[in-house]
Amino acid sequence: MQTGHKRKQQHELKSRTNKKSAETISNIKEEEPFPTHARPTPEECRAIRDSLLAFHGFPQEFAKYRKQRPCLITLQDKEESTHLINNCDEKNDNGVKVEEEEEEEEESVLDGLVKTVLSQNTTEVNSQRAFLNLKSAFPTWENVLAAESQFIEDAIRCGGLAPTKAACIRNILSSLMEKKGRLCLEYLRDLSVAEIKAELSHFKGIGPKTVACVLMFNLQKDDFPVDTHVFEIAKAIGWVPPVADRNKTYLHLNHRIPKELKFDLNCLLYTHGKLCRKCTKKSGSQQRKETHDDSCPLLNYCVKLS
């Protein structure tokens, strides 16, 4: 009896802790870490969006997600930007026209969440390969849940941090099965942003960036994930104070950037950060394609270049 009572107390304590964590993340939108930092302005956001769009074209890797969003451009933007979107949607990062791909089936929310977990601390190529390996080895999420951890790790090893990521994926699946009775996150589509953040935060290992990615790419919500590329450019062009860390940058930019510009601007900043050494403080050891010395569209915005 005493042991059972103690276990019940521990379960209630864990539930309260999880609830508190969920409430913290769900209220993240209302917080503003730098209320006196008046940048970026809506005009800056729009100008940089248009400059990067004209320079790179819209990144093809995000095109399928863009097509799923009902209305990205307001009437105010249409005259200035619709022609840029239309002209750039059919070009790759080198400005070369590409053939229109066949209509792809919409990615499930659970697929998107696992993809985002696998993308942590690795390259895009490796994370995509890890996801394909996982789906090939285990055709359904029920198969993944039933599998031993070692087999899951083997499938995703090319993406790095296999034990950690495998444990996170198993935790998501087991928690979802326990709570909902099936492995599906489509119910999130009917919830508010705050409710979605609260739901996803219950999963161990899922932080604000992962939640923001799922919100933006899989749930078509107006959020602004901040990865390393976006963070470094935001600091370089003075959109956040020098003391800002990534989490505070997320809070600040999510508050300041107009909703209708978030998706395009985020995709373009991420792409530019991968391709341009001039706009980031760290060039990194990984070889990246450089823009021409005199043609980086953000040079005039940078407050300090390394």
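Hi everyone. When I say salt bridge today, I mean a side-chain nitrogen of Lys or Arg within 4 Å of a carboxyl oxygen of Asp or Glu. With that in hand, please remember that this is a predicted model. A search of the whole structure finds 15 salt bridges, and I'd like to walk you through a few of them.

Let's start with Lys64 and Glu107, whose closest N and O atoms are 3.9 Å apart. This pair links distant parts of the chain, with Lys64 in helix H3 and Glu107 in the loop between helices H4 and H5, 43 residues apart. Lys64 counts as partly exposed at 25% relative accessibility, while Glu107 is buried at 10%.

Next come Asp111 and Lys135, which meet in a salt bridge at 3.6 Å, N to O. Asp111 lies in helix H5 and Lys135 in helix H6, so here the tie is between parts 24 residues apart in sequence. Asp111 is buried, at 14% relative accessibility.

Then there is Glu124 with Lys274, at 3.1 Å between the closest N and O atoms. Because Glu124 sits in helix H6 and Lys274 in helix H14, this pair ties together parts that are 150 residues apart in sequence. Glu61 joins these two residues in a network of salt bridges.

Leaving aside residues up to four places away in sequence, Asp227 touches Lys209, Arg246 and Tyr270.

The whole structure has 6 aromatic pairs. In one of them, Phe62 and Phe217 are stacked, 5.4 Å centre to centre with 20 degrees between the planes. Phe62 is in the loop between helices H2 and H3 and Phe217 is in helix H11, so that pair ties together parts 155 residues apart in sequence. Both Phe62 and Phe217 are buried.

Phe62 also pairs with Tyr270, this time edge-to-face, at 5.7 Å and 70 degrees. Tyr270 is in helix H14, so the parts tied together here are 208 residues apart in sequence. These three residues belong to one aromatic cluster, along with Phe58, Tyr65 and Phe263.

One last stop, back among the charges: the charged end of Arg66 sits over the ring of Phe58, 5.4 Å from its centre. Thanks, everyone!

Conventions:
Residues numbered from 1 in each chain as written. Predicted model: local features only at pLDDT ≥ 70, side-chain atom pairs only at ≥ 80, totals over all residues. Heavy atoms only, no water. Contact = heavy atoms within 4.5 Å. Phe/Tyr/Trp six-rings, centres within 6.5 Å; stacked < 30°, edge-to-face > 60°. Helix = DSSP H or I, 4+ residues; strand = E, 2+ residues; numbered from the N terminus. Buried < 20%, exposed > 50% of the residue type's maximum accessible area, 1.4 Å probe, protein only. Lys NZ or Arg CZ within 6 Å of the ring centre and 35° of its normal.
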